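Subject: Structure handover

Hello,

Here is the structure for your files. The notes on what was found in it follow below.

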Amino acid sequence: MSKVCMIYYKTCRESAGIKQEDAAERLNVSCRTLSDYENGKARVPDDIVDKMLELYGSPLLAWWHLKNNSVLGKYLPDVFEPKTEVDMVFQGILAKDKLSPVIDGLKEIMADGVIDELEEEELEVHIDDMRVVNNKLTSIIIWHDARVKKESRLSATN
């Protein structure tokens with residue numbers, strides 16, 4: 001797993017507005033241990049991730065952790081609807097991180113204005129990655145629209 005991906009533990013904590021010291025105390029680990037988890041220096045045990053997702057309000061973190069740290073992760077779906085505001089932010093970060101290399105790859109493929117046979121294969125991989133990004137962005141929009149609709153119903157009954 002890339003070191004960049006490991007910061008997702010930190011990203012979820014920060015998106016929840018929790019300081020590292022407070023999170024460490026509530027997770028019953030030292031600040032040093034939490035820092036090691038967040039910086040990819042130590043593997044995060046499943047029971048700690050369970051506590052993190054409760055504390056940070058991000059069920060998506062559990063999905064991401066299993067998808068990327070378990071041999072069973074390959075059986076998990078690629079689409080996960082955000083359940084909380086932190087999940088929504090996390091989906092956006094995952095989409096952005098996936099999209100950046102796709103754009104660079106497309107620029108390289110199109111540099112000479114011709115798509116040869118080898119580039120055609122690369123293009124298909126990039127298209128698949130764009131579908132993943134699209135699913136993540138769509139799930140954010142669905143989350144937002146459901147939230148707005150719920151708030152609208154609540155204000156209509158008051």
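**Overall fold**

In the protein, 61% of the contacts with a separation of 6 or more are between residues 24 or more positions apart. Please keep in mind that this is a predicted model. The protein has 7 helices and 0 strands, and from the N terminus on its elements run α-α-α-α-α-α-α. Taken along the principal axes, the C-alpha atoms fill a box of roughly 55 × 50 × 25 Å. Of the 158 residues, 34% are buried.

**Helices α2 and α3**

In general, two packed helices are described by the angle between their axes and the distance between the axes. For α2 (residues 20-27) and α3 (residues 31-38), the axes come within 9 Å and cross at roughly 105°. Angles of 65 to 115 degrees count as roughly perpendicular, and α2 and α3 are therefore roughly perpendicular to each other.

Which residues meet in this pair? On the α2 side they are Q20, E21, A23, A24 and L27, and on the α3 side C31, L34, S35 and E38. The residues of this contact divide into 5 nonpolar, 2 polar and 2 charged.

**Cysteines**

C31, which takes part in the contact with α2, is partly exposed, with a relative accessible area of 32%. C12, by contrast, counts as buried, at 1% relative accessibility. A disulfide would need the two sulfur atoms within 2.5 Å. The count for the structure comes to 0 disulfides.

**Helix α6**

Is D87 buried or exposed? D87 is buried, with a relative accessible area of 0%. The side chain of D87 is joined to the side chain of S58 by a polar contact of 2.5 Å.

Q91 is also found in α6. With a relative accessibility of 1%, Q91 counts as buried, since the cut-off for buried is under 20%. Q91 and L137 are 46 residues apart along the chain, and their C-alpha atoms are separated by 7.2 Å.

Regards

Methods. Residues are numbered from 1 along each chain as its sequence is written. This is a predicted model: local features need pLDDT of at least 70, side-chain atom pairs count only at pLDDT 80 or more; totals for chains, interfaces and linings use all residues. Side-chain values use heavy atoms; hydrogens and water are left out. Buried means under 20% relative accessible area, exposed over 50%, partly exposed in between (1.4 Å probe, protein chains only). A polar contact is a pair of N or O atoms within 3.5 Å; within protein, one must be able to donate a hydrogen and the other to accept it, and residues adjacent in sequence count only if both atoms are side-chain atoms. Axes are lines fitted to C-alpha atoms, for helices over the stretch in contact, and angles run from 0 to 180 degrees between N-to-C directions. Helices (H or I, at least four residues) and strands (E, at least two) are DSSP runs, numbered from the N terminus. Angles under 35 degrees count as roughly parallel, over 145 as roughly antiparallel, 65 to 115 as roughly perpendicular and the rest as oblique. Contact means heavy atoms within 4.5 Å. Ala, Val, Leu, Ile, Met, Phe, Trp, Tyr, Cys and Pro count as nonpolar, Asp, Glu, Lys and Arg as charged, and the others, Gly among them, as polar.
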